[in-house]
Amino acid sequence: MFIKILLSYLLGYLRISVEGYYIERFINICKTKKITIWNLKRSKDIQLYLNVRIGEFKEVCKIARKTQCKVKIKSKKGFPFLLNKYKKRKIFLILLFFMIVLIGLSSNFVWNVDIVEENNNEMENIVQDIENAGLKTGTLKNKINTKEIINKIRLQRKDIAWMGIELKGTNAIVKLVKAEEKPDIIDENEYCSIVSDKTGIITKINAQSGTANVKVGDTIKAGDTLINGWMEGKFTGVRYVHAKGEIEAKIWHTKSKKIPYNTTEKRDTGQVENKYAIKINNFVINLSKKLSKFEIYDTIDTENKFKIFSDFYLPISIIKTTNKEQEEIAKSYNLEEAKNIGIEELQKELDEEIENKEKIVNKNINTYEKEDGVEVFVTYEVLENVGTNEKIIF
Amino acid sequence: MKKNNNRLDRLLELPKEVYSNVPKVIITGFDELIVENFKGILEYEEYYVRINTHIGIINVNGYGLDLENMTNDDIKVKGKIESIDIERTIDEG
């Protein structure tokens, strides 16, 4: 039945009213003549509303005459009538056709290149490299050979572990996995010595192979040799080895900051103005004046790409510029407040930097008063393992 | 002969309304009634529908009754149905 109604919508149907005393007879004759009528509705008087197809309307009229009923057309529905309506609006129809063709054509191009990097590892110049390899906004989709582009880029760059290009609608999604930089591993059989990579004071040194160059309590700088890669024996002479050992040192992490007594702080007043611009490829049309009416303000630009379906991007985007008015508020601290603020901020920074909290041995806070502010120094003493292998070059 | 036919149909588990003129009445909720294998409509008012079948007449009382989806052998009555009663014309036994 549903399909029948759908079909009748395509062929066109009429909603008519039949008025007369022999309505039941009218319905029964329609049934015996196999005329499909549906949505019969009887109003309180002698009227009956019903739907009938265009092709069968003439026969219905005949039956109505036979049963002495009056027929009136209430409304015309369906596709043929819709078409008829638009016959007069030729320009509209032409434009509609033109639009469909345009959309169809533009779907053959890539309008948006998305670069997705694993773990949000930023890569330098990757956008440009992809463009040079041939994946640009506005290139034909058939012309893009993903394998070739991937090969080109991978030959150019060494920091890519994996790369994939997916064409989705007018969207090209480039997925990248950055290769991790590995430290140079020195072979177990090769001779090496251990060299410091940090500055601090040695608290523990334990050479498993090789001879220790420093003692506990010595101050070391980055680059100092900690364990030499050779052994001296009374009878064997100098023998080179692969140095091994554990060295623990006290490392200082220092941060400093100057907190002025008088500062100005910016705060939003709550006044906001929005400005819009349309960007077509690289051509920007401003819809309003560029200058803001506020004196001090913060601007936030957001760009929305125009898309029809979820993946069908067009080379048109709307740029929304939000200006938030701000006001400057003068703030003054006394000595104690300034100190506390400085210490708190620095401690927070250091806490984020140092992962292993248990290894923190000592915390040192120094403040120096100046004319216009307080300088705060916060030093953490942390026990850390130091030393990297360095190959012995003869 | 008729008895044999019946037995065969029972064996094949054919529904009764398919091979005979016996009407089938389906009521979905209290707002929808479908009659299969109907013969014609005897009376139709907004509050009263009288449907003729091969073995009797079905009367439907209610208000706002519409006849939706009328095809050659089934009819759908939609509206607030209040009562349904049956008048037998042929004794089946």
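Predicted model: local features only at pLDDT ≥ 70, side-chain atom pairs only at ≥ 80, totals over all residues.
In soluble globular proteins, nonpolar side chains tend to be buried together. The largest nonpolar core here has 34 residues, and those touching the most other members are A:Phe26, A:Ile27, A:Leu50, A:Val52 and B:Leu67. Helix H2 of chain A, residues 23-32, gives this core its largest share, 5 residues. Another core lies apart from it and holds 16 residues, including A:Ala133, A:Met163, A:Ile165 and A:Ala172.

A:Leu50 can be looked at by itself. When neighbours within four places in sequence are left aside, the contacts of A:Leu50 include A:Leu14, A:Ile16, A:Val18, A:Phe26 and A:Ile37. A:Arg15 and A:Asn39 are also in contact with A:Leu50.

## Where the chains meet

Contact between the chains involves 16 residues of chain B and 16 residues of chain A. About 1,600 Å² is buried between chain B and chain A, and carbon and sulfur atoms give 53% of this area. Of the area that chain B buries against chain A, 38% is supplied by B:Tyr44, B:Met70 and B:Asn72, more than by any other three residues.

## Polar and charged links

There are 2 salt bridges between chain B and chain A. B:Glu45 forms a salt bridge with A:Arg42, where the closest N and O atoms are 3.7 Å apart.

## The chain B side

On the side of chain B that touches chain A, strands S3 (38-44) and S5 (56-68) of chain B each supply at least two residues. S3(B) gives the most, with 7 residues. This side is made up of 6 nonpolar, 4 polar and 6 charged residues.

Note on methods:
Residues numbered from 1 in each chain as written. Chains lettered and ligands numbered in written order. Heavy atoms only, no water. Core = buried A, V, L, I, M, F, W, Y, C linked by side-chain atoms within 4.5 Å. Buried < 20%, exposed > 50% of the residue type's maximum accessible area, 1.4 Å probe, protein only. Helix = DSSP H or I, 4+ residues; strand = E, 2+ residues; numbered from the N terminus. Contact = heavy atoms within 4.5 Å. Buried area = accessible area lost by both parts, 1.4 Å probe. Salt bridge = Lys/Arg side-chain N within 4 Å of Asp/Glu carboxyl O. Nonpolar A, V, L, I, M, F, W, Y, C, P; charged D, E, K, R; others polar.
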